[in-house]
Protein chains: 2
Amino acid sequence: MTSADERATLVSVARAAGVSRQTVSNALHAPAKVAPETLERVLAAVEELGYRPSLAARQLRTNRSRTLGLRLEHWGGGISGSVLDRFLHALVDEAQGRGYRVVLFTADDDAGEVARYDELLSTGQIDGFVLTSTHHGDQRTAWLLERGVPFATFGRPWPTPGSGEPVRTDHCWVDVDGAAGTRAATEHLLAAGHAVPAYLGWPDGSGTGEDRRRGWAQGLTDAGVDPAGAVELQVPDSTAAAFEAVASALTDGGGAAPTALVCASDSLALGARGAAARLGRPLEVVGFDDTPVAHAIGVSSVAQPLAEAATLAVDLLLAQVEAGPGGPPPARQHLLAPRLVLRTSP
Amino acid sequence: MTSADERATLVSVARAAGVSRQTVSNALHAPAKVAPETLERVLAAVEELGYRPSLAARQLRTNRSRTLGLRLEHWGGGISGSVLDRFLHALVDEAQGRGYRVVLFTADDDAGEVARYDELLSTGQIDGFVLTSTHHGDQRTAWLLERGVPFATFGRPWPTPGSGEPVRTDHCWVDVDGAAGTRAATEHLLAAGHAVPAYLGWPDGSGTGEDRRRGWAQGLTDAGVDPAGAVELQVPDSTAAAFEAVASALTDGGGAAPTALVCASDSLALGARGAAARLGRPLEVVGFDDTPVAHAIGVSSVAQPLAEAATLAVDLLLAQVEAGPGGPPPARQHLLAPRLVLRTSP
């Protein structure tokens, strides 16, 4: 084990072997150019000094940095942020197992993220990117596709139909089937005897949110219940906003007040449960994301297979990064099934 | 903006200017060696092609990677993991603002982490490290100090007195004064009229845990209450374990059952509050770490200044990384004050 101070370098190996730096380099990378006895002397010095060609030097030769980039989203303070953090943990584990590092950066918006891509690419320190939080009007994927940069997204593309937005859909992605999760939650509540489970979701404009709402509506429709007759609430993703909206619905609803609620997130589920408890009204709630909070306080929730998603994202990305002369393989997509986790409050 | 496919290289600049690669390199880094008209031609080609010398090449010259390393701890599934994730977010922001990237890796234990240090250092891709979760018997800091590697820890050193363990204390660190936090919590509960606030902490062996317990004991002593007469419970950091222990204490305690509880974490506080609610017993609880869960469900908690800690950790580390020929500055330490966040349940 060499110390950082005494790290062997090309120069120290050259000095020890009594040859030029170019000869050391040739001995390592083009040994046929070096006379046998010189080669032997250089390799003996390499071994004795414990010299390892630096990654920076290797990178100049192979044009590969073995580094993947990921934007670390701003910490929102909510409880759902833990989803992307769990994804990050699984991603770093998976990448490391395949010999890649993950480098993080931050950005304020799509344009800022693209500027970071440009910077990392033009300085040659990155092999590809994993993108999270795909959304309507996403500008990032077209930019990367146009430049042939390897990437995979966690989250499918969400083009707005008929909008003419430049959201590309022909790239590698992995996502979780949110609609299947809320449909399963709705079916569970119907089977438990609730006539018309209500829905608590986000304002329009979120592809993920619209997908989750769709699963609830489909679950009702499949059971012969018209979603148009069900209670449906829209609030920002905050526990406080959910508390207020649900308290109003329970108070004003009279006989039509919901007895069960499918929620687009655990933050919403938590507020809903708090409102029902405060008013002493029975309300069976299912959240989404199976956060540590849902686990800790006993709220049913839809769990995303985050480790599997991270593994597949790395697979999809490295298939491009490590593509041979034939070029990258055709884009592939994976839509994973979530899992309904049922709990009863303690 | 050049595309990734057509990125200008030393070779393409050399070709465009009709000179050798060495001449391009000289024009950029040793212009005095190049004839004026050649220099002009090369620089025109550099500008026209939008060539930026790659970081890898720059790194070979400066031996600086502008990259900081951090071990990403295993996701434990608990609610307190969000503390280190919030620290990570602040760290990446701060490092980026100062022109550094953060690269993540994982490891199973101290030895595994040291092996990653060695690997990253010997391939020349790292300028220094930020360490988290310092602990009794920590082997990492001595390894780094012996090799003169720049680093700073979030968490102070925790040598075990008289153990002869090789835990070094003479390095840069930033930490939060946990004892001050639990002392403030204890003082708050005493002022609210609770005669003898109890303590719910972790098993012995955690430097952080012992520090937090110390603050509670000191708070009682300062108020003339003997901690030896107080209820004190030890459980692993799990909501379920806290639930059981507190339920027993409330049931078996009779007249001596606690009415207020200082907890070493929000996970413990959550379990404690659940037990009291289940038994219908009044129990005022203060947690530690001010997690999103505490915020969402209205539990008082001790908040760590994580953004400030991250800023200082980057400061301490970069002062070493960027030290001039005089060598790194003397090691500095920062102990930050936490803040008691009071809440009432909704």
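# Exercises on sheets and helix packing

Helix 8 (residues 178-191) of chain A lies across strand 8 (260-263), strand 9 (284-288), strand 10 and strand 12 of chain A, and runs at about 170° to strand 8 of chain A. The model used in these exercises is predicted.

## Exercise 1. The six-stranded sheet of chain A

Task: Give the strand order of the open sheet of six strands in chain A, and find which strands stand at the edges.

Solution. 

Step 1. The order in chain A is 7-6-8-9-10-12, and the pairing is mixed.

Step 2. Strand 7 (232-234) and strand 12 (339-341) of chain A each have a single partner strand, so one side of each is left without a neighbour in the sheet. These two strands of chain A are therefore the edges.

Step 3. From one strand to the next, the twist averages 20°.

Step 4. At the strand 12 end, strand 10 (residues 300-303) of chain A pairs with strand 12 of chain A in the antiparallel sense, over three bridges. Within this pairing, Val302(A) stands opposite Leu340(A) of strand 12.

## Exercise 2. Strand 10 of chain B

Task: Determine the sense in which strand 10 of chain B runs relative to strand 9 of chain B and relative to strand 12 of chain B.

Solution. 

Step 1. Strand 9 (residues 284-288) and strand 10 (residues 300-303) of chain B are parallel and joined by three bridges. The bridge partner of Phe288(B) in strand 10 is Val302(B).

Step 2. Between these two strands the chain passes through helix 12 (residues 292-297) of chain B, and this β-α-β crossover is right-handed.

Step 3. With strand 12 (residues 339-341) of chain B, strand 10 of chain B pairs in the antiparallel sense, again over three bridges. Here Val302(B) stands opposite Leu340(B).

## Exercise 3. Helix 5 against helix 13 in chain A

Task: Classify the packing of helix 5 and helix 13 of chain A by angle, handedness and residue class.

Solution. 

Step 1. Two packed helices are described by the angle between their axes and the distance between the axes.

Step 2. Helix 5 (residues 82-97) and helix 13 (residues 306-321) of chain A pack at about 50°, with axes 8 Å apart. The two helices of chain A are therefore oblique to each other.

Step 3. Their crossing is right-handed.

Step 4. Among the residues making the contact are Val83(A), Phe87(A) and Leu91(A) of helix 5, and Leu306(A), Ala310(A) and Val314(A) of helix 13. By class, the contact has eleven nonpolar, one polar and two charged residues.

## Exercise 4. Helix 10 against helix 11 in chain B

Task: Describe how helix 10 and helix 11 of chain B pack.

Solution. 

Step 1. Helix 10 (residues 239-252) and helix 11 (residues 266-279) of chain B pack at about 45°, with their axes 7 Å apart. That angle makes helix 10 oblique to helix 11.

Step 2. The crossing is right-handed.

Step 3. Residues of helix 10 in the contact include Phe243(B), Val246(B) and Leu250(B); those of helix 11 include Leu268(B), Gly271(B) and Ala275(B). The contact residues divide into 13 nonpolar, five polar and one charged.

Notes
Residues are numbered from 1 along each chain as its sequence is written. Chains are lettered from A and ligands numbered from 1 in the order in which they are written. This is a predicted model: local features need pLDDT of at least 70, side-chain atom pairs count only at pLDDT 80 or more; totals for chains, interfaces and linings use all residues. Axes are lines fitted to C-alpha atoms, for helices over the stretch in contact, and angles run from 0 to 180 degrees between N-to-C directions. Helices (H or I, at least four residues) and strands (E, at least two) are DSSP runs, numbered from the N terminus. Angles under 35 degrees count as roughly parallel, over 145 as roughly antiparallel, 65 to 115 as roughly perpendicular and the rest as oblique. A crossing is left-handed if the near helix is turned anticlockwise from the far one by less than a right angle, and right-handed if clockwise. Two residues are in contact if their C-beta atoms, placed from the backbone, lie within 7 Å. Ala, Val, Leu, Ile, Met, Phe, Trp, Tyr, Cys and Pro count as nonpolar, Asp, Glu, Lys and Arg as charged, and the others, Gly among them, as polar. Two strands pair if DSSP finds at least two bridges between them. A crossover is right-handed if, with the strands pointing away from the viewer, the path from the first strand over the helix to the second runs clockwise.
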